[in-house]
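Thanks for asking me to look this over with you. Here are my notes as numbered points, so that you can follow each one on the screen.

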Amino acid sequence: LRKEMSPQMHNHARRVIEEARKHYLQLLDTNEELKRQIKGKRIAHSKHQSFHGRNERAHSISLVSRAIVGSVDAMQKLGFTLEELRDSGVYDMIQKEFQDIKLCNKNDYVCNAESPYRTPDGSCNNLDNPTWGKCFEPQRRILPAAYDNGVDSPRTRSRYTNRTLPNPRAISNIIHRQEGNEPIMSDRLSLNVFQMGQFLNHDFIGTPLETDEEGKLDCCKDKTRKECFPVLIPKGDPHFPDGTCFNFVRSAGSTANCRPGIKQQQNQVTSYLDLSQVYGPTSGQEESLRDEGYMLMDSDGALLPPPRRNKCQLINTEEHCFLSGDARVHENPSLASYHTLFAHRHNIIAKSLETLHANWTKERIFQEAKKINVAMYQHVLYNEFFPAFMSARALKKYNIKSNKFGYSNSYNSTLDATTANELGIAFRFGHSMIPPEQVLSIPNKPPEVFSLVPNFDNPHLLYLHNKSAPEYLLRWLYLFPGPEMDSEIVPEVRDHLFDNDIGFSLDLVVLNIQRGRDHGLQPYGEYRKWCGLTPLTERFDSLVDHDENDIKRLRMAYKDPRDIDLFSGLVSERQEPGSSIGKTLNCIIGSQFQRYKQGDRYWYENLPPAGFTLDQLNEIRKSTLAMIICSIFDVDKIQRNAFKLPDQTSNPMLKCDDILDIDFTKWQFSFEPVKSLGVPVFDELSKILRDFGAF
Ligand code: HEM
Ligand SMILES: [Ca+2]
């Protein structure tokens, strides 16, 4: 029976909502972006402020989302269920109250269905749902959220026993501590799996944090603030002194048309695999990274260009930070070398196109080069990267590998490619593959080894050897093995993450576990069920996909296996035969990457005008990471598959001269994007008709 809401209650609801609006808009007092967003209403007492290191738009969206979720929470506290609030018109009242905020009105998309090129922000990829996969939208969920209060507060208790969940640092110490002096190394995979993994995740997810007016919060001081979820370090910690605390700031939310509901975390990058980490996830950012048809580089064309303001750790006044499509670019030097690689690759493609087409506009050169660059990257991911560590069973089940011939015919406009919240935690499995060092591998010289810790957020290594370091870092990434995917995490990120001069640091594992709880994610066992694997019981022998040693550690950390946090459960899983990761991880990764493929209208194997002619597609299909590296650096030899270690029989070293680049003459004839006609016209119609065969 539906609970009726009395008129008094309605009035009360209105007051609660107005209060929420007022409260949060006051917080926005200093927010320039939001002031632009509020039509016709001026907020008083504006104070000029510069916003260090945060995306203003993401912040505005998160504040509006807080006001809306806050209203829902306040009403729920009065004893109404979410269904009752929806059915009794309270949701409509909330939505109306926020209608004048432009951020809440996203129904005005005019999509060009014939455009051969993606939008930078991912809008209009799905023509029926133009915001699917767009940046600043809420993350998708695989399973419903399990917030303590049902609306937005972190999950802190067992849903089975109601006991408080174990402390994340205690879990980290018990399950994720590295036992030996060195991590266990893979005998199959090169470090490129680690580095492509991090580079790739910055393409599909970027979860902004809640911030205060200054853009910095001290949650160890202000423990009770709504934006805070600090982690107290248990007594007797082997690394951190007693009584210390990790400053954990909660993730920011997003609004989805300001529809009232529970908190959903925001994604401030595009979900699609569109190299948004290179080109930027908004048209404004893309514009600032461009040099007409080319990508901007630094003054001698070797490294990425300088940003307007340096915000990374610089140790040398002649050096600068990097302007890139993603602010995380200098997280470690080998990541920056990947960004450099793909920016250079764009320019090589642009040059080839310009040579073929003197009459093309700069815009067309840029867009076509970007389209080819993204296509090659997608091909490398799905045919080299994933097959290197996923199981053959999962590759098949989730339709990961590409067709050998013809178009893929797999686009499904009902499949939402928006990144799942759960993937943002699950894909951190790569944290167990982080090496403790960064190495410059120079031919015929001993390797130059640098500790990782002083190189977080510091681009200095890239400048070494006259800026040839990106090449030497990459040489290290393909010639050397990476740490095995397992539950052990190197102390460089488990004890020394972002170590500063005064010895303050973080534990990446703690962030992973606490982040999952912050997002209200359900525990590991629930995702096993979703994947069709055997459910967990209160007995530890129900962990059938874990080895004895890992079960021992899990048992020490958790009272009940059903409470095991998603990150810890996944990285400690036994590897599926023929794969470097376990069954549940294969399932979560496979199902999302199927969406990135089949839910992307611009997937490179789709029909033109979004895709390519068959001749062009067949060229793209020759792409390998080795080919891309050979085309940019002065490398003599490289193994065929750069994600796997060289092996005389199965993965031989090849001369770069023998690895042919794609043949750009196939772009002699291309779809002409003519907007005024509303349909694409062709450079040479007969050629295209032959390609299509069927037409
Ligand atoms: C030296 C290497 C790396 C460092 C220092 C690093 C550090 C970090 C940090 C500090 C965060 C934010 C944690 C939080 O507050 O919740 C993060 C998030 C993440 N990391 Fe890493 N990471 C590294 C490599 C990798 C690799 C190799 C992968 C995957 C193969 C990966 C996947 C992720 C993912 C998916 C997220 C979530 C991103 C988001 O939601 O915005 N990371 N990492
Ligand atoms: Ca993207």
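1. Let us begin with confidence. pLDDT is the predictor's confidence in each residue, on a scale from 0 to 100. The chain averages a pLDDT of 90, and 90% of the residues score at least 70. Over residues 37-53, however, the pLDDT is below 50, and this stretch has 25 contacts in the model beyond near neighbours in sequence; two residues are in contact if their C-beta atoms, placed from the backbone, lie within 7 Å. Residues 676-695 also stay under 50, with 24 contacts beyond four places in sequence. Where pLDDT is low, the predicted coordinates should not be read in detail. The model scores ipTM 0.99 and pTM 0.93.

2. A word on conventions. This is a predicted model, in which local features need pLDDT of at least 70 and side-chain atom pairs count only at pLDDT 80 or more, while totals for chains, interfaces and linings use all residues. Residues are numbered from 1 along each chain as its sequence is written, and chains are lettered from A and ligands numbered from 1 in the order in which they are written.

3. Now the overall shape. For 695 residues, a compact globule would have a radius of gyration near 26 Å, and the chain agrees with its 26 Å; this radius is taken over C-alpha atoms, and the globule rule is 2.2 Å times the number of residues to the power 0.38. Along the principal axes, the C-alpha atoms fill a box of roughly 75 × 65 × 55 Å. The chain has 24 helices and 12 strands. These are DSSP runs numbered from the N terminus: helices are H or I with at least four residues, strands are E with at least two. Among contacts between residues at least 6 apart in sequence, 71% join residues at least 24 apart.

4. How much of the chain is buried? The share is 49% of the 695 residues. A residue is buried if 20 or more other C-beta atoms lie within 10 Å of its own, exposed if 12 or fewer, and partly exposed in between, with C-beta atoms placed from the backbone.

5. Helix 6 (residues 168-175) is largely enclosed by the rest of the structure because six of its eight residues are buried. Those six are Pro168, Arg169, Ile171, Ser172, Asn173 and Ile175. Their cover includes strand 2 (231-232), helix 16 (491-494), helix 17 (508-518), helix 19 (548-557) and helix 20 (566-571). Helix 15 (residues 469-479) is mostly covered too, with 10 of its 11 residues buried; among them are Tyr472, Arg475 and Trp476.

6. Which of the 21 residues around ligand 1 come nearest? They are Gly197, Gln198, Thr207, Phe427 and Gly430; a residue is near a molecule if its C-beta atom, placed from the backbone, lies within 6 Å of it. Helix 7 (192-204) and helix 17 are the elements that give two or more residues to this shell, and helix 7 gives the most, with four. The shell divides into nine nonpolar, nine polar and three charged residues. Here Ala, Val, Leu, Ile, Met, Phe, Trp, Tyr, Cys and Pro count as nonpolar, Asp, Glu, Lys and Arg as charged, and the others, Gly among them, as polar.

7. His431 carries a record. The UniProt annotation "binding site", from an unreviewed entry, covers His431; such positions are given in the numbering used here, feature names are shortened, and annotations may be inferred rather than shown by experiment. His431 is in the loop between helix 13 (421-426) and strand 6 (437-440). Why does His431 count as buried? His431 has 23 C-beta neighbours inside 10 Å. Leaving aside neighbours within four places in sequence, His431 is in contact with Ile489, Val493, Leu508 and Asn512.

8. Finally, compare two loop residues. Glu210, in the loop between helix 7 and strand 2, is buried because 22 other C-beta atoms lie within 10 Å. Not counting residues up to four places away in sequence, Glu210 touches Ser62, Glu227, Val249, Arg250 and Ala252. Pro238, in the loop between strand 2 and strand 3 (245-246), is exposed, with 8 other C-beta atoms within 10 Å. The C-alpha atoms of Pro238 and Asp495 are separated by 9.6 Å, although these residues are 257 apart along the chain.
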